[in-house]
Each structure stands twice: as C-alpha cells, then as structure tokens.
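Morning, everyone. I have one structure to walk through today, so please bring it up on your screens.

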Amino acid sequence: MSNPWEPDTLRGRLARATELAADADLDALLITPGADLRYLTGYDALPLERLTCLVLRTHGDPVLVVPGLEQPAAAASPAGRMALDIVPWDELEDPYALVASLVPQAHRVAVDDQMWAEKVLRLRAAMPGAEQALAGAVLRELRMRKSPAEVQALREASAAIDRVHAQMGQWLRAGRTEREVGADIAEAIRAEGHAAA
C-alpha cells in the first residue's frame with residue numbers, strides 16, 4: 001500500500017495547516033489524540049487523562065507535548081521519524097502551563113473538535129487571554145484535498161475491501177455465528193495489510 005505517513009507528506013500537512021491557521025488569524029492549533037493528530041503527525045496516541053497535545057504554532061515550529069511515559073511511543077511513530085520536536089512532561093509538571101508557554105501572548109487558538117471538555121477548560125484556564133475556536137474549519141479545508149499518496153492509499157484500501165467482500169460467500173453459511181463470521185472478516189482485513197479491522 002502507498003504510505004501517506006511518510007515524513008515529507010506529514011511535513012507538508014503541518015506546513016499547510018500552519019498556513020491555513022495563519023489565514024484564519026489563529027496563533028496556534030491545539031490538537032489532542034484522535035483522527036486529526038494521526039492525520040497531521042502519524043502518531044496514533046491513545047486518548048488518556050494525561051495531556052498529549054500537538055501545538056501547531058503559526059509563528060514557530062510545531063511541538064508535540066507528551067507525558068514522559070509516552071515519549072518512546074511518540075518517538076517511534078511517524079512523528080518521531082519526521083523529527084517533530086517532542087517535549088515530554090513529568091507527573092510533577094503542569095502540561096497545560098507547558099502548552100501555554102509555547103504560545104505566549106496568544107490571542108486566538110483553535111482546539112480540535114473532539115477534544116475532551118476537561119482539556120478544553122484546562123487550556124482555557126492556562127491561557128486566559130486567548131479566545132478559543134474550533135480547529136475543524138481549518139483542518140477540514142486541509143483534509144478535503146487529497147495528495148497523490150492519499151488517493152493511491154484510498155484506491156488500495158478500496159481494492160482490499162473488495163477482495164474481502166468477495167470472500168463473504170464462504171463465511172456466510174448455516175450454523176455459523178455472527179461472532180465467527182466477524183472474526184473471519186477481521187482476519188481477512190488484517191491479511192490485506194490493515195493494522196486493525
């Protein structure tokens with residue numbers, strides 16, 4: 001399969017997101033674990049109570065703030081391979097103050113649309129002078145235009161799922177449970193090269 005997570009592709013996404021954020025009069029995009037973080041950095045972080053946050057500054061390089069225990073996973077991900085600055089924090093630090101320190105005098109920041117309310121409120125408290133907006137409008141503009149690598153990856157994924165569907169007849173037969181059929185489908189999807197079904 002084509003790899004839309006190559007370092008140059010990710011750097012291009014970050015650069016374009018930075019341009020779009022500046023055009024929207026934002027000082028930074030603040031992106032926590034979820035589809036947007038993975039799309040921008042290739043890092044598929046688990047959404048945990050500890051703060052992981054991409055700080056995509058319109059004036060300055062992007063920084064990925066992670067709990068110290070998560071630093072090895074972030075460094076081993078595509079985010080680390082593209083040499084994204086990864087800043088760990090330890091249990092005695094306030095990660096929200098750390099994020100705020102990366103965008104001093106911010107007037108307007110955008111948080112990802114799926115950010116947990118607790119994190120939104122704690123960032124608001126850490127950055128009282130900054131208006132918060134949603135990052136969705138900026139990221140939607142970026143994500144709707146696919147790169148050649150993304151188009152190729154979508155074509156390959158489509159062909160892979162078509163091959164899985166072609167096998168359905170052998171799994172759907174009397175006496176089999178939904179769970180058994182589901183396990184066969186999941187295994188076929190993994191066999192086609194997908195990390196998860």
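**Lys119 and its surroundings**

Start with Lys119: its side chain reaches the backbone oxygen of Leu48 at 3.1 Å. That falls under polar contacts, meaning N or O pairs within 3.5 Å, where within protein one atom must be able to donate a hydrogen and the other to accept it, and where residues adjacent in sequence count only if both atoms are side-chain atoms.

Before going on, the ground rules. This is a predicted model, where local features need pLDDT of at least 70, side-chain atom pairs count only at pLDDT 80 or more, and totals for chains, interfaces and linings use all residues. Numbering runs from 1 along each chain as its sequence is written, and side-chain values use heavy atoms, with hydrogens and water left out.

Lys119 sits in helix α6, residues 117–126. Helices here are DSSP runs of H or I with at least four residues, strands are E runs of at least two, and both are numbered from the N terminus.

Is Lys119 buried or exposed? Buried, and without a salt bridge. Buried means under 20% relative accessible area and exposed means over 50%, with a 1.4 Å probe and protein chains only. A salt bridge needs a Lys or Arg side-chain nitrogen within 4 Å of an Asp or Glu carboxyl oxygen. The nearest side chain of opposite charge is Glu118, 4.3 Å away. For charges, Lys and Arg are positive, Asp and Glu negative; His and the chain ends are not counted.

Contacts next, meaning heavy atoms within 4.5 Å. Leaving out residues up to four places away in sequence, Lys119 touches Thr32, Leu48, Glu49, Arg50, Leu51 and Tyr96.

**Helix α7**

Now α7, residues 136–143. Its buried residues are Gly136, Val138, Leu139 and Leu142. They lie on the same side of α7, because they cover an arc of only 160 degrees around the axis; the arc is taken from the directions from the helix axis to the C-beta atoms. Ala137 and Arg140 are exposed, on the face turned away from that buried side. The buried residues pack against α1, β1, α2 and β6.

**Ala106**

Ala106 lies in the loop between α5 and β5. Its relative accessible area is 11%, so Ala106 is buried. Its C-alpha is 7.8 Å from that of Ala28, 78 residues apart along the chain.

**Whole chain**

To zoom out: the protein chain has ten helices and six strands. Of its 197 residues, 40% are buried. The C-alpha trace spans about 65 × 35 × 30 Å along its principal axes.
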